[in-house]
Amino acid sequence: MIGGSEQLPQNNIIVHFFNYYGGYSGTYYPRDHYLSGKLLVKQVEKFTNDRMSVAKAIVKGIGLNIYEILYHYYKHDKKEVKETIDWIKQNFFLNVEQAQEIKELLAYEGEVWMRFYADFKYFLPEDFVMNKRVKRPPDNPMNALVSFGNTLLYTKTISAIYQTHLDQRISFLHEPSEGRFSLSLDLSEVFKPVIVFRTIFDLVNNRRLQVEKHFEKNVNYCVLNEEGRKIFIEAFEGRLESVFMHPKLKRKVSYRTAMKLDCYKLIKNILEEKEFVPFSLKEGM
């Protein structure tokens, strides 16, 4: 065991730990080996002087990808989602652009997610409708899936950022804080509709996950059982590795690679002041 643990830092292996509820507990993080003093200084300067531009890009990216997910269902005769689609197009983007502080952006982000959740009833089985988002611990099957999926995505983003010169602790939309990698929270946000929710919708609508078979329920919580977690992780990893033709690179890339590309986009924004445009589902259509 000791010998095995010594191999982790030597091979730059990151290990993530999860609690009983499938939530994130912590990460064994090898000493940074991609260090850049110049980027660190510039990243801090960006946070200090131009935090809002990056935060706005992230929130806009969330809205764009939620729009594309809902538009897919609208095209497949789920016309009830049109109200949210129209609101995103007519109000949300304008609100984000005009926001003056981070609290405003977080309020608009929260609203677009809540409208998204409210539309689940139009295209998911009744068992998986989510009345409200409950995290710690999740209280119904959909909250259990969302919490588990978001946690997996968060850890994948930590691993992607680790392979670059970015500092995990200096974020833009979320407040930098002790005890979590806040930049991973930032960069994972735009991928949630694309990776987490598309995985959930496919598994639920194709009945690969069923309430009576794949969940453990108690008075105060609901979690995936072992078989359910296995099914979800397999589908989640499959989506990460699925590929699409990248419009700018003119080659096929995986969603896992797209996450790393967003890290490099942010680096170019910090060092070269190139506009930061996070991943859009339109790239992967």
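Student: Is Thr 257 buried, partly exposed or exposed?

Tutor: This is a predicted model, and in it Thr 257 counts as partly exposed because its relative accessibility is 30%, a value between the 20% under which a residue is buried and the 50% over which it is exposed.

Student: Ok, and where does Thr 257 lie?

Tutor: Thr 257 lies in helix H10, which covers residues 255-272. The C-alpha atom of Thr 257 is 8.5 Å in space from that of Ala 160, although the two residues are 97 apart in sequence.

Student: Let me step back for a moment. How many helices and strands does the chain have?

Tutor: The chain has 10 helices and six strands. Of its 285 residues, 49% are buried, and the accessible surface comes to about 14800 Å², with 50% of that belonging to carbon and sulfur atoms.

Student: And what share of the contacts comes from residues 24 or more positions apart?

Tutor: If you take the contacts in the chain with a separation of 6 or more, residues 24 or more positions apart account for 65% of them.

Student: Now helix H2. How far apart are its end C-alpha atoms?

Tutor: Helix H2 runs over residues 37-75, which is 39 residues, and its end C-alpha atoms are only 49 Å apart, whereas a straight helix would reach 57 Å at 1.5 Å a residue.

Student: Where does H2 bend, then?

Tutor: H2 bends by about 95° at Asp 50. After the helix comes Asp 77, which has a positive phi near 70°.

Student: Tell me about Asp 50. Which side chains does it make polar contacts with?

Tutor: The side chain of Asp 50 makes a polar contact of 2.8 Å with the side chain of Lys 46, and another polar contact, of 2.9 Å, joins the side chains of Asp 50 and Ser 53.

Student: Why might residues three or four places apart point the same way?

Tutor: An α-helix has 3.6 residues a turn, so residues at that spacing point the same way.

Student: And why does Asp 50 count as partly exposed?

Tutor: Asp 50 counts as partly exposed because its relative accessibility is 32%. Its C-alpha atom is also separated by 9.1 Å from that of Phe 172, a residue 122 places away along the chain.

Student: You mentioned H5. How many of its residues are buried?

Tutor: H5 is mostly covered, with 20 of its 22 residues buried. From its first C-alpha to its last, H5 reaches 32 Å, close to the 32 Å expected at 1.5 Å a residue.

Student: Which residue caps the N-terminal end of H5?

Tutor: That is Asn 140, which has a side-chain oxygen lying 3.2 Å from the backbone nitrogen of Met 142.

Student: Switching to strands, how do S5 and S6 run?

Tutor: Strand S5 (residues 243-246) and strand S6 (residues 251-254) run antiparallel and are joined by four bridges. Phe 244 stands opposite Val 253 in S6, and the two strands form a hairpin with four residues between them.

Student: What is the phi of Lys 250 in that turn?

Tutor: Lys 250 has a positive phi of about 60°. Most residues other than glycine have a negative phi. Lys 250 counts as exposed because its relative accessibility is 65%.

Student: What about Arg 207, what is its phi?

Tutor: Arg 207 also has a positive phi, of about 60°, although it is not a glycine. Arg 207 has its place in the loop between helix H7 (192-205) and helix H8 (211-214), and it counts as exposed because its relative accessibility is 52%, which is over the 50% cut-off.

Notes:
Residues are numbered from 1 along each chain as its sequence is written. This is a predicted model: local features need pLDDT of at least 70, side-chain atom pairs count only at pLDDT 80 or more; totals for chains, interfaces and linings use all residues. Side-chain values use heavy atoms; hydrogens and water are left out. The expected span of a helix is 1.5 Å times one less than its number of residues. The bend at a residue is the angle between axes fitted to the seven residues ending there and the seven starting there. Two strands pair if DSSP finds at least two bridges between them. Buried means under 20% relative accessible area, exposed over 50%, partly exposed in between (1.4 Å probe, protein chains only). A polar contact is a pair of N or O atoms within 3.5 Å; within protein, one must be able to donate a hydrogen and the other to accept it, and residues adjacent in sequence count only if both atoms are side-chain atoms. Contact means heavy atoms within 4.5 Å. Accessible areas come from the Shrake-Rupley method with a 1.4 Å probe; for residues, only the protein chains shown count as cover.
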